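Please read the briefing below alongside the sequence and the model. The points are grouped by topic.

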Number of protein chains: 2
Amino acid sequence: MTAPVKSGSYAPDRVEMIALRGLPMVHQGMDLARLIADGLEAAPLALQDDDIVVVAQKVVSKAEGRIVRLADVTPSEEAHRRGHETGKDPAVVQLILDESTEVLRQGEQVIIVEHRLGFVMANAGIDQSNAAPGHAILLPLDPDASALRLAAALGKRYGCRIGVIIIDSFGRAWRNGTVGHAIGVAGLQALLDLRQSPDLAGRLMQVTEVGLADEIAAGASALMGQGTEGKPVVIVRGFSGLRDEAGTVRSLLRPRARDLFR
Amino acid sequence: MTAPVKSGSYAPDRVEMIALRGLPMVHQGMDLARLIADGLEAAPLALQDDDIVVVAQKVVSKAEGRIVRLADVTPSEEAHRRGHETGKDPAVVQLILDESTEVLRQGEQVIIVEHRLGFVMANAGIDQSNAAPGHAILLPLDPDASALRLAAALGKRYGCRIGVIIIDSFGRAWRNGTVGHAIGVAGLQALLDLRQSPDLAGRLMQVTEVGLADEIAAGASALMGQGTEGKPVVIVRGFSGLRDEAGTVRSLLRPRARDLFR
């Protein structure tokens, strides 16, 4: 657990979010930090201390080659069964199972799993939209590490300390519509612990933890659009006091023992 | 269901979020639209077409007098039992039960319910922080209607058409930390239906609905802070093409039949 942040010290009065335009289609092996820097220069925009660079999972996965040809997948008996039950391609189901530690629920076209990274999410984050036909895109192997590499490379290039959040669109229980969620974090506190903050009446607060990286992920996601946009990078400027060299998306994962829906 | 929005038509390249400073403590009967307008003038800032005014639930509830003195509440047998089981004040439990249609789960200090408005949330959104001692604050009676009144009053004052989102901080299943969620919407589409949008490869998209009002709610929430801030209003500027006179938070409520966690 990181040290408590004073509530008043983090919430800025003004935040700007800027989507980069004109990034090329990303392919395996491309240097994503360099593509982002090129996009910044075209804007033109230079990163500053405490800027947060929000990046869509899909381009990170593509750059890292996390793409699987479905014809190369041999579905197990379980994958065939769940494919039949859900209407999903058994090869995709096999990938979902391979990426997961547990199946929580399944329904028409959806399998809710605990991803090996700890996220409870639909279909293990595996998506075929924006993949070449017959291919599927997996989440990055270690999104925190991917975020850290981007933060280091971009921070070096611009001589500043930035945060990076890698995001994916999650469906939610109980509510319609996907919302951007953090799946990798570097350089900033993902979860704010306000347990020592008094409220306006001077009492200790009932709400003690804020999922700030998820709030920023959601806001930035609204600028990315979905699929057709080609805007996988949003610069968020205005937050400060959130630096944390040990920042990680893992702080956003609710322990099973404290989860009423597991 | 609203008409499908072209994916490319909503996601802006630049969004500014501005928290209003210096709003007074809100009490029952105050004219919230006027307080917001005063805050805008102090900024100084004038609302424009398509601005989205994001307002914290707590000040809406206070202005509408949705405050209950706990001494006036007579807890039922069930409230006493659940209070004992959860460690919560039986009077608060009674208010939670009165505001809800169903209890889904309970744990230490928390009762997850379906609120009468349809939200699955902790403690029916009832909060004692920032309430006077011995009092609790309920959600507005009809947050969509509250949002519509604010949108009409502010739109008239500034001669423009705006959106309003009333938000509350929700805990989530599976993830730590609260995140701002829409509980009332007016003047804009809360849920975007992208079912007719092709992805970059020209295929129809798998992700077809975006919870845009929740994404905006989350982003704006990060500027409000929690409790100590006194910043219950954030202006979000940059979105366009989202106007919907019939906009409602109800579009964000997942029907029970399509919910795997009910």
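In this predicted model, A:Ile165 stands opposite A:Val185 in strand S9 of chain A, strands here being DSSP runs of E with at least two residues and helices runs of H or I with at least four, both numbered from the N terminus. Residues are numbered from 1 along each chain as its sequence is written, while chains are lettered from A and ligands numbered from 1 in the order in which they are written. Because the model is predicted, local features need pLDDT of at least 70 and side-chain atom pairs count only at pLDDT 80 or more, whereas totals for chains, interfaces and linings use all residues.

**Strand S8 and its partners**

- Seven bridges join S8(A) to S9(A) (residues 179–186), and these two strands run antiparallel; two strands are taken to pair if DSSP finds at least two bridges between them.
- Strand S2 of chain A (residues 52–56) is joined to S8(A) by five bridges in a parallel arrangement, with A:Gly163 in S8(A) as the bridge partner of A:Ile52.
- Eight of the eight residues of S8(A) (residues 163–170) are buried, so the strand is largely enclosed by the rest of the structure; buried means that 20 or more other C-beta atoms, placed from the backbone, lie within 10 Å of the residue's own, against 12 or fewer for exposed and partly exposed in between.
- In a regular strand the side chains alternate between the two faces of the sheet.
- Both faces of S8(A) are covered, with A:Gly163, A:Ile165, A:Ile167 and A:Ser169 buried on one side and A:Val164, A:Ile166, A:Asp168 and A:Phe170 buried on the other.

**Two domains**

- Chain A is divided into domain 1 (7–65 + 140–257) and domain 2 (67–137), with bounds that come from an automatic or database domain assignment.
- The C-alpha centres of domain 1 and domain 2 of chain A lie 26 Å apart.
- The contact takes 13 residues from domain 1 of chain A and nine residues from domain 2 of chain A, where contact means C-beta atoms, placed from the backbone, within 7 Å.
- On the side of domain 1 of chain A that touches domain 2 of chain A, the elements giving two or more residues are helix H2 (57–63) and S8 of chain A, and H2(A) supplies the largest share, four residues.

**The S4-S5-S6 sheet**

- An open sheet of three strands in chain A has the order S4-S5-S6 with antiparallel pairing.
- Strands S4 (100–107) and S6 (120–122) of chain A stand at the edges, each with a single partner strand, so one side of each is left without a neighbour in the sheet.
- Six bridges join S4(A) to S5(A) (residues 110–115), and A:Val103 stands opposite A:Val113 in S5(A).

Terms used: Contact = placed C-beta atoms within 7 Å.
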